[in-house]
Amino acid sequence: MQLNALRRLFNRPQFAPHEVARLGWRRLEKADGIGQKGMATIVKWLREQGYELADAEQAAESRGTHHAPDARKVERAIRILKTQGYAVLLASTPEALDEDA
């Protein structure tokens, strides 16, 4: 799965470990098809090849903190909800406030 996600990310079937390492933690973390387990697999593979992700130190510091959801993940969730017939409104809109009352 990670291999296919990396192929889509690079838009080609083959790539070198140094290319993946250069992408960095943040870029890989945002890629479609790469979750926490996938990141762990990629990091392990890179280490076996003698590489580290470009911004691995910063990522290690931030892993313990709560991050806002990635905008693409939110957009994907909204799209799924809409295809299932749900109406998705921002909480700050007057329509959403009227429905809560």
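In helix α4, the residues G38, M39, I42, V43 and L46 are buried, where buried means under 20% relative accessible area, exposed means over 50% and partly exposed lies in between, with a 1.4 Å probe and protein chains only. These residues cover an arc of only 135° around the axis, the arc being that of the directions from the helix axis to the C-beta atoms, which puts them on the same side of α4. The model is predicted, so that local features need pLDDT of at least 70 and side-chain atom pairs count only at pLDDT 80 or more, whereas totals for chains, interfaces and linings use all residues. Residues are numbered from 1 along each chain as its sequence is written, and side-chain values use heavy atoms, with hydrogens and water left out.

**Helix α4**
- Helix α4 (residues 36-48) has 13 residues and reaches 18 Å from its first C-alpha to its last, close to the 18 Å expected at 1.5 Å a residue, a span taken as 1.5 Å times one less than the number of residues.
- On the other side of α4, K37, K44, R47 and E48 are exposed.
- The cover over the buried residues of α4 includes α1, α2 and α3 (25-30).

**Helix α1**
- In α1, the buried residues are A5, L6 and F10, and because they fall within an arc of 125° when seen down the axis, they line one face of the helix.
- The cover over these buried residues of α1 includes α2, α3 and α4.

**Positive phi after the helices**
- N11, in the loop between α1 (2-10) and α2 (17-23), has a positive phi near 60° although N11 is a residue other than glycine.
- With 71% relative accessibility, N11 counts as exposed.
- α4 is followed by G50, whose phi is positive, near 90°.

Notes. Helix = DSSP H or I, 4+ residues; strand = E, 2+ residues; numbered from the N terminus. Contact = heavy atoms within 4.5 Å.
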